[in-house]
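Open the model in your viewer and keep the sequence panel beside it. This tour tells you what to select at each stop and what is there.

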Amino acid sequence: GFAWKPRSTTNVGLGLHFITGVARERLGRRFSDSTVLPVIQTAELASSGIGLSLGGSHRVNRFLGIAGMVRKDFRASLELDSIDVGSYPLPWHFAVGTRLQVNRQLEVGLQALMRTWSVVDSFLVANGAAGARNTLDLSAGAEYATTASRPGMLPVRLGVRRATLPFLTEPGQQPSEFAVSGGSGFRFARDRGGIDFSVERYWRRDGAGGYGIELSWNHLLK
């Protein structure tokens, strides 16, 4: 990555991304007859690609800041057991966000993120999958400092998120999710150390059925 600060209120960044992934499968069959040897099958599917991103942020005034990003991931190559089996396109990413300092104790943030996953739809359908669609991710959050003189000591953090998901479980039925979160944190050692923690609950819809629920717990040590 590379960053440049042309003004005290403006930052611009350029990033190069290396994308890798490996899926390993192992299938075994064993028999009750000890004279028959077990059958083991293995396979490894690997993908790799590169991407470029450009982003920036600007402090409009002491109350308002804005940021934006565009990223293009190029084609990803596929290898099955180290044999080249083709490639598929990767999406564009577009994001914009804003941060508002309402007063000394309250900050609010908004974000929107779009990904063009439909570029891989024909590839997935040709290989027997249901397909893919573009996604839109909308989120909002707020942080309230319970102590104005030390905003890092036990603030109240709340967030909400609504997003569509890219890969279809059935043709024409796009999954989606809704999430709410809450958290806090505290600082110690003259603010040189800290712990942040949060809890988040997801409701996911597969596109055809009802919502399923997932609960996650996160913490960060500094």
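Select R161. It is partly exposed because its relative accessibility is 22% (buried means under 20% relative accessible area, exposed over 50%, partly exposed in between, with a 1.4 Å probe and protein chains only). This is a predicted model, where local features need pLDDT of at least 70, side-chain atom pairs count only at pLDDT 80 or more, and totals for chains, interfaces and linings use all residues. Residues are numbered from 1 along each chain as its sequence is written, and side-chain values use heavy atoms, with hydrogens and water left out.

**Stop 1: salt bridges**

Strands here are DSSP runs of E with at least two residues, helices are runs of H or I with at least four, and both are numbered from the N terminus. D137 has 8% relative accessibility, so it counts as buried.

Together with D137 and R161 they are linked in a network of salt bridges. Side chains of opposite charge can pair when their charged atoms come close.

How many salt bridges does a search of the whole structure find? The count is 11. For another one, select E44 and R24, whose side chains meet at 2.9 Å, N to O. This pair too links distant parts of the chain, with E44 in strand β3 (residues 39-59) and R24 in strand β2, 20 residues apart. E44 is partly exposed because its relative accessibility is 29%. R24 is exposed because its value is 65%.

Next, select R71 and D73. The closest N and O atoms of this salt bridge are 2.8 Å apart. Is D73 buried or exposed? It counts as buried, because its relative accessibility is 5%.

**Stop 2: the largest pocket**

Select G141, A142, E143, R157 and L158. Of the 19 residues that line the largest pocket, these are the closest to its centre. The pocket holds about 360 Å³ of space. A pocket is found on a 1 Å grid over the protein atoms alone: it is an open set of points where a 1.4 Å probe fits, with protein on both sides within 12 Å along at least five of seven lines, and lining residues have an atom within 4 Å of a point. Grid points are joined across faces, edges and corners, and the volume is the space filled by probe spheres set on the points.

Colour the strands next. β8 (106-115), β9, β10, β11 (176-188) and β12 (193-205) each supply at least two lining residues. β12 gives the largest share, five residues. By class, the lining has five nonpolar, eight polar and six charged residues. Ala, Val, Leu, Ile, Met, Phe, Trp, Tyr, Cys and Pro count as nonpolar, Asp, Glu, Lys and Arg as charged, and the others, Gly among them, as polar.

**Stop 3: the second largest pocket**

The second largest pocket has a volume of about 260 Å³. Select L45, S47, L78, Y88 and F123, the closest to its centre of the 15 residues that line it. β2, β3, β6 (83-88) and α1 (121-126) each give two or more residues to this lining. Its classes are 12 nonpolar, three polar and no charged residues.

**Stop 4: two loops**

Select D81, in the loop between β5 (76-80) and β6. D81 has a positive phi of about 50° although it is not a glycine. It is partly exposed because its relative accessibility is 42%.

Move to R190, in the loop between β11 and β12. Phi of R190 is also positive, near 55°, in a residue other than glycine. R190 is exposed because its relative accessibility is 80%.

**Stop 5: two threonines**

Select T10, in strand β2 (residues 10-29). T10 is buried because its relative accessibility is 16%. Its side chain makes a 2.8 Å polar contact with that of H58 (N or O atoms within 3.5 Å, one able to donate a hydrogen and the other to accept it, with residues adjacent in sequence counted only if both atoms are side-chain atoms).

Finish at T164, in strand β10. Its side chain reaches the backbone nitrogen of L136 at 2.9 Å.

Definitions and conventions:
Salt bridge = Lys/Arg side-chain N within 4 Å of Asp/Glu carboxyl O.
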